[in-house]
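This report looks at how the parts of one protein chain are held against one another. Please keep the sequence and the model in view while reading.

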Amino acid sequence: MPKLANSLFDNMTMNITAIHAPLIEVIAQAIPLNVEEIDIIQRLFKLKTYKKGTFFLAEGETCKYVGFIKKGILRYYINDDGEEKTYGFSQEAEFICNYESFVPQKPSRQIIQALEDSELLVISYRDLQQFYDKIHAGDRFGRLVIEQVFIQTLKDLNSFYTDTAPLRYENFIRQHPELQQRLSQYYIASYVGVKPQSLSRIRKRLLTS
């Protein structure tokens, strides 16, 4: 159970389901929560599963949810004239969304795909407004999440267009060291912006340098 820094800890943890515990822990690290608010959060966030290869957000769809990843890896990419260009990954204990589509509720060019069988706790746009209304400091937490995801997305996109392939690979290793064992070379190469054969050469040069 999450280690909530609150005098109501015992009663609160009794009300937290195993499904929602990781989410509650992350929220409680940012804002204070009481028992009633925990019940509201667990009612608003629904468990949704995605099979490997399926889409949290397909091209041209409107982003309907903000998701919290309980299990799995998802990637952000765009379809550039038939070529998939990966610019980011998200994994356990991270939030995922395309706010450019979610906030105005407009179709998305960005695509978000599950690379493993994944479990997410998702909240719809309408339920998110309830979260803001009923959770004390909920709007502050929402802004923190939006800023975190939005800033990371901008960094990933800027890196995609400005950094060299070796530098992008070094950044990938530094930011996601454990993902090398969970992702295929195809997806890592797509993120770096090269073919898999070129990625192998980059890796060899880094190992010998």
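A residue is called buried when its relative accessible area is under 20%, exposed when it is over 50%, and partly exposed in between. The model discussed here is a predicted one. By that rule Lys85, at 21% relative accessibility, counts as partly exposed, and Asp80, at 25%, counts as partly exposed as well. The side chains of Asp80 and Lys85 meet in a salt bridge, with 2.7 Å from N to O.

**Salt bridges**

The count of salt bridges in the model comes to six, and the table lists some of them.

| Asp80 | Lys85 | 2.7 Å |

Asp127 is buried, with a relative accessible area of 13%, whereas Lys46 is partly exposed at 43%. What does the pair of Glu116 and Arg182 tie together? Glu116 lies in the loop between β7 and β8, and Arg182 in the loop between α7 and α8, so the pair links parts that are 66 residues apart in sequence. Through shared partners, salt bridges join Glu92, Glu116 and Arg182 into one network.

**Helix α5 and the cores**

Helix α5, which spans residues 125–134, has Asp127, Leu128 and Phe131 as buried residues. Seen down the axis of α5, its buried residues fall within an arc of 105 degrees, so they line one face of the helix. The face turned away from that buried side carries the exposed residues Arg126 and Asp133.

Phe131 also belongs to the largest nonpolar core, which has 42 residues, and within this core Ile41, Phe56 and Phe131 touch the most other members. Leaving aside residues up to four places away in sequence, Phe131 touches Ile27, Ile41, Leu44, Phe45, Ile123, Gly138 and Phe141.

Four strands form an open sheet in the order β2-β7-β4-β5, with antiparallel pairing. The edge strands are β2 and β5, each of which pairs on one side only, and the twist averages 30 degrees from one strand to the next. Helix α6, residues 138–162, packs on the sheet and touches β4 and β5, its direction making about 140 degrees with that of β5.

Terms used:
Residues are numbered from 1 along each chain as its sequence is written. This is a predicted model: local features need pLDDT of at least 70, side-chain atom pairs count only at pLDDT 80 or more; totals for chains, interfaces and linings use all residues. Side-chain values use heavy atoms; hydrogens and water are left out. Two strands pair if DSSP finds at least two bridges between them. Helices (H or I, at least four residues) and strands (E, at least two) are DSSP runs, numbered from the N terminus. Axes are lines fitted to C-alpha atoms, for helices over the stretch in contact, and angles run from 0 to 180 degrees between N-to-C directions. Contact means heavy atoms within 4.5 Å. Buried means under 20% relative accessible area, exposed over 50%, partly exposed in between (1.4 Å probe, protein chains only). The arc is that of the directions from the helix axis to the C-beta atoms. A nonpolar core is a set of buried Ala, Val, Leu, Ile, Met, Phe, Trp, Tyr and Cys residues joined through side-chain atoms within 4.5 Å. A salt bridge is a side-chain nitrogen of Lys or Arg within 4 Å of a carboxyl oxygen of Asp or Glu.
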